[in-house]
Structures are given as structure tokens and as C-alpha cells.
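Subject: the structure I promised you

Hi,

Here is the structure I said I would pass on. Have a look at it first, then read my notes below.

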Amino acid sequence: MQTDPIADMLTRIRNAAAIANATVDVPASTFKHALAELLVREGYLKSVERATSEAGHPVLRIGLKYGPKRASIIHEIKRVSKPGRRAYAKAKQVPVVRGGLGIAVISTPQGLLVDRDARRKNVGGEVVCEVW
């Protein structure tokens, strides 16, 4: 049993990008699917689709995106809010990642938002992860 399935998903993406895999399979959940869709919209991932593993379990098949010379688009992806220490940000305190070159994913009452959208809508929430 996993204690932090979101951290597991981010680690699988990080490891697959490090060895230049085209896709990675992650156990499926609604929150993970929403997070992957957000990363696709922001241009960090190529695609996400629901699939079934060989054992018959639902998985998310995530397509990774690479630049020239097979360099990963994701330089770093890290979990901010953890089960043992949750990280929340008020609307005025939403973090800026790498001077605006990266994104922070915020779980708000309006759903998952990128840091700039959370600031524009003036909402805060749980800081799920940072990507750059």
C-alpha cells in the first residue's frame, strides 16, 4: 500500500524522463488524471489516456515530451505538500516557481489550477507540486 500516491506518480514520471521512456503507466485515480491533464495543457507532458494494465487494473498511460536531442521538457518535478506536512498558500501567497519559468499546481475549491491562474482568480489552496 502506498502512503502518498501523488508522490509515487511524480516519481514515476521523473524516473521515466530520466531514462527517456516514451510512456509511463501510473495507477489511475481521478485526482491523478486531473493533474496529468493540467500538465498536458501546460506543455510538460505529451498525452494522458486511461488504459488497463496486463493484470486488469485501471492505469493512466502518460506520454512524455522531449525537446531536441531527447532532452526532457521536465527538468524537475517535486511534491510540495506531503501527507506528513501539508502546505497551503493564501491567494496573496501563491508561490512563483523559478521566477515564473516553472509552475506550481494548486488544489483549490475551483479545482486544480496553475499558480498564475490561482493569482488571477484570487484563490488559494494546497500547493500540490512544482514543475520546471
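Residues are numbered from 1 along each chain as its sequence is written, and side-chain values use heavy atoms, with hydrogens and water left out. Keep in mind that this is a predicted model, where local features need pLDDT of at least 70, side-chain atom pairs count only at pLDDT 80 or more, and totals for chains, interfaces and linings use all residues.

Let's start inside. A nonpolar core here is a set of buried Ala, Val, Leu, Ile, Met, Phe, Trp, Tyr and Cys residues joined through side-chain atoms within 4.5 Å. Buried means under 20% relative accessible area, exposed over 50%, and partly exposed in between (1.4 Å probe, protein chains only). The largest core has 28 residues, and Ile 13, Leu 35, Leu 45, Ile 62, Leu 64, Val 105 and Val 131 have the most contacts inside it. Several elements each supply at least two of its residues, among them helix 2 (30-41), strand 3 (58-64) and strand 8 (125-131). The largest share, 6 residues, comes from helix 1. There is also a second, separate core of 10 residues, which includes Val 97, Ala 104, Ile 106 and Ala 118.

Ile 13 sits in helix 1 and counts as buried, at 1% relative accessibility. If we ignore neighbours within four places in sequence, Ile 13 is in contact (heavy atoms within 4.5 Å) with Val 24, Leu 45, Ile 62, Leu 64 and Ile 74. Ile 62, leaving out residues up to four places away, touches Met 9, Ile 13, Ala 22, Thr 23, Val 24, Val 26, Ala 36, Leu 45, Ser 47 and Val 48.

Next, helix 2. It has 12 residues and spans 17 Å from first C-alpha to last, close to the 16 Å expected at 1.5 Å a residue (that expected span is 1.5 Å times one less than the number of residues). Its buried residues are Lys 32, His 33, Leu 35, Ala 36, Leu 38 and Leu 39. After helix 2 comes Gly 43, with a positive phi near 90°.

Which residues have a positive phi although they are not glycines? Ala 20 has one of about 60°, and so does Lys 69. Ala 20 is in the loop between helix 1 and strand 1 and is partly exposed at 27%. Lys 69 is in the loop between strand 3 and strand 4 and is exposed at 86%.

Cheers

Note on methods. Helices (H or I, at least four residues) and strands (E, at least two) are DSSP runs, numbered from the N terminus.
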